[in-house]
Amino acid sequence: MPRSVKVLSGLVAGSALPAPLIPLTDCSPDRWRELPVARLRRSLLDWYAHHGRELPWRRTEDLYAIWVSEIMLQQTQVKTVIPYYERWLQAFPAVGQLAQANQQTVLMNWQGLGYYARARNLHRAAQSIIADYGGQFPEQMADVLKLPGIGRTTAGGILSAALNQPYPILDGNVKRVLARLIGLSVPPNHALSWLWEGSETLLDATHPRAFNQALMDLGATVCTPKQPQCDRCPWATFCQAHQLNLQSVLPMSETRQPLPHKRIGVAVIWNSHGQILIDKRPQSGLLGGLWEFPGGKVEPNETIPECIAREIQEELGIQVEVGEHLITLDHAYTHFKVTLSVHHCRHLSGEPQPIECDEVKWVSLGDLDQYPFPTANHKIIAALQSGERPFR
Ligand code: SF4
């Protein structure tokens, strides 16, 4: 059992229970050292030996392959990542092939996985590994942290998994497990440095690879966000949330504002040869480097056709006739939601220019599959492929 923790006079949000949880003011390194650390390590490693997950990237010690898996696993679930990981290693078996690939090929292999900055960073980091480290993924933490797209938890995950180096990790699963174990009374993101201390204190320096993987597996398969299975948990005896029956309340959640909503007018612009105009988004920013159908945000008091005609003039310097409606789509990103209203358009005059994008191109309907598009645009392509060509 953990030593008793200070009684917090406040109430747990959403609960009528006064909770002996740890407030932010009591987050000291001693809190972690007071835990029965040796028993926690042993029980977790024993559990992992019987219940750890078999994952493709655990069958290798290749730094490149493990790095790819760690980047894909940022913000994406294991079952989604597995087929992408396997395809990626076929397309780019080593860092040299990735460094030499063009960005469009890299993005095509990432298409559908989301958070495309990860793919752009992998590509840039591969080029840096070739230029600065002789083609070998660096083995020192300070060097790994210099690579684009790699923060402390990713670096710790890579170096512990590939080289058994004793670095802690703190991904979403680990934050949740530690917050419950210790009984943290604030959302984990308000106590990050303290949770890092916890992960470091608990880490078994003799078996860092197995320990970190065990901790991730515990969070992913037993100490899940909803309905954790405490009766199967090796830490149930030590866990403050379980002792207090607060496992469904912890970790404390952030109060979230509703996501802002944007209405977007989107144009499928046809020329007289039956080709469609697409544009490449700027490298910086959301979905950078991906292709899309042009369009933009609907202004107050503007109709969708008015919006499309204005945006196309401003973004591409051409005039179009806005025609029939093709499809309306709702899509949610991390920080906002969009409704895309898509119309067929006829090109009237002007030479398309990349005024607010990196590149523009006329392509045939059959060639759209050769370009990486954001997920929402795939439904537009499917609608185009299943419909009649307008403006004949
Ligand atoms: S006992 Fe329950 S709440 Fe505590 S760490 Fe285990 S699964 Fe999570």
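Student: In helix α3, how many residues are buried?
Tutor: In this predicted model, ten of the eleven residues of α3, which runs over residues 63-73, are buried, so by the cut-off of under 20% relative accessible area the helix is mostly covered.

Student: Which ones are they?
Tutor: The buried residues of α3 are L63, Y64, A65, I66, W67, V68, S69, E70, I71 and M72.

Student: And what covers them?
Tutor: The cover over the buried residues of α3 includes the helices α4 (78-91), α5 (95-100), α6 (103-110), α7 (117-132) and α9 (152-163).

Student: Which residue takes a positive phi just after α3?
Tutor: That is Q75, whose phi is about 65°, and Q75 comes just after the helix.

Student: Switching to the ligand, where does it sit?
Tutor: The ligand sits in the largest cavity, where the residues surrounding the ligand are R180, V222, C223, P228, C230, C233, A236, C239, H242 and Q247.

Student: How does that shell divide into nonpolar, polar and charged?
Tutor: The shell around the ligand holds seven nonpolar residues, two polar ones and one charged one.

Student: Now E302, where is its place?
Tutor: E302 lies in the loop between β4 (295-297) and α14 (304-316).

Student: Why does E302 count as buried?
Tutor: E302 counts as buried because its relative accessible area is 14%, and the cut-off for buried is under 20%.

Key: Residues numbered from 1 in each chain as written. Predicted model: local features only at pLDDT ≥ 70, side-chain atom pairs only at ≥ 80, totals over all residues. Heavy atoms only, no water. Buried < 20%, exposed > 50% of the residue type's maximum accessible area, 1.4 Å probe, protein only. Helix = DSSP H or I, 4+ residues; strand = E, 2+ residues; numbered from the N terminus. Contact = heavy atoms within 4.5 Å. Near = heavy atom within 4 Å. 1 Å grid on protein atoms, 1.4 Å probe; cavity = no way out; pocket = protein on both sides within 12 Å on 5 of 7 lines; lining within 4 Å. Sits in = over half its atoms within 2 Å of the grid points. Nonpolar A, V, L, I, M, F, W, Y, C, P; charged D, E, K, R; others polar.
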